[in-house]
Amino acid sequence: MGISLKMNEFGSRSSWIRKMFEEGARMKEQYGAQNVFDFSLGNPDLAPPPEFDVSLGEVLEERGKGVHAYMQNGGYPHVKAAVAGQISIEQETTITGAEILMTCGAAGGLNVTLKAILNPGEEVIVLAPFFVEYNFYIDNQGGIGKVVNTGADFSLDLEAIRQAVTAKTKAIIINSPNNPTGQVYSALELQALGEMLESCQSEFDSTIFLLSDEPYRKITYDGVEVPALFPLYKNAIVVSSYSKDLSLPGERIGYIAVNPAIACKTELLGAMTLANRILGFVNAPALMQKVVAKLQGKTVDCEIYTKRRTTFCKILEDVGLEFTKPKGAFYIFPKSPIEDDAAFVAHLQEFKILAVPGRGFGMPGYFRLAFCVEDEVIAGSAAAFKKAMEKYR
Ligand SMILES: Cc1ncc(COP(=O)(O)O)c(C=O)c1O
């Protein structure tokens, strides 16, 4: 075979979301887009906020030498300073531009961070259900992913995490608000996690980084706020992007923020900057860096997601599906009424509803619905869900 055996194997493992995407395209062609209820993709449908167009217009006016040149691999100093201002508020900690690195989305930021910290064979704990790419990113950078299930309501299971930590543990990735569950970890949970990791570091005489993947931080419901992590754990790193809160996933713009109190800060930031370069990203896109610098603290209209969440939860409750109401992000992760989540997703497809089986996120027995779709798709799906669920009520 021409391609590597590993990539061949990865191709079959990563196929769920891609498979549903392809199915969606085929069904829309066959039945008309308005007759298919596609909840398979986390690709935000909202336009960026109006301030984005203003900022983009201003940046496009810039002319002259160096406007599109390479810059320092970590990003433009004025952009990093602007991001640091916002992170200082979110993390309740004074951060400077020196602690920020601009990246190609959160995905780029995670790869950069893992490359900077991992020795071959070191372990990274991921919490199921998880964003499916984590294990690939860990493998990319020579590490080994160790999956630990979350507890009831998908909250942190500290005991299970504690059991999974070994002398080889280099990091744990958390994602809050969570894709696929919509869970947001409380300050108390995060404080307990921080204390537990501190004690593990002492026990194993090691450094364990807490990587907080936060692209949904600003999309929360019912007044829920994502707690600041830096005051709770020294070796914390935030990785995030503007993909979801500004609806810019195709522009590949994100950042890493490092806790000023972190171990080996200077070496770590140096390693991250080099990783950004040698992973082939070189630097985050120049234009987009300048655009987002002017948009700190801005978000898409989250009221739209709030209304969709209310409508969708009601539709799913009415047909008897069980789920934990999402506190943030734009996903619902209901329990499959039958054990085989893939079979249930195939059943939904007969009613032109597209979802992703929980096994695609490391948690069989559930399925994910993404509600970053037009209101009409959600409202229109009510009758289809009703028919699909008749058999199970
Ligand atoms: C939890 C999570 N982390 C990271 C990413 C990657 O984000 P980006 O597009 O900014 O690379 C996504 C994208 O869907 C995500 O859901």
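**Stop one: two helices in contact**

Begin by selecting Val 112, Thr 113, Lys 115 and Ala 116 in H5, which meet Leu 268, Ala 271, Met 272, Ala 275 and Asn 276 in H9; a contact here has C-beta atoms, placed from the backbone, within 7 Å. The residues of this contact divide into six nonpolar, two polar and one charged, where Ala, Val, Leu, Ile, Met, Phe, Trp, Tyr, Cys and Pro count as nonpolar, Asp, Glu, Lys and Arg as charged, and the others, Gly among them, as polar.

This is a predicted model, in which local features need pLDDT of at least 70 and side-chain atom pairs count only at pLDDT 80 or more, while totals for chains, interfaces and linings use all residues. Residues are numbered from 1 along each chain as its sequence is written. Helices (H or I, at least four residues) and strands (E, at least two) are DSSP runs, numbered from the N terminus.

**Stop two: a covered helix**

Next select helix H10, residues 286-293, where six of the eight residues are buried, meaning that 20 or more other C-beta atoms, placed from the backbone, lie within 10 Å of a residue's own. The buried residues are Met 288, Gln 289, Lys 290, Val 291, Val 292 and Ala 293, and what covers them includes helix H3 (50-61), helix H4 (77-90) and strand E2 (100-103).

**Stop three: an open sheet**

Finally, select the three strands of an open sheet, which has the order E9-E12-E11 with antiparallel pairing; strands pair if DSSP finds at least two bridges between them. In E12, Leu 369 is the bridge partner of Ile 332.

Methods. A residue is buried if 20 or more other C-beta atoms lie within 10 Å of its own, exposed if 12 or fewer, and partly exposed in between; C-beta atoms are placed from the backbone.
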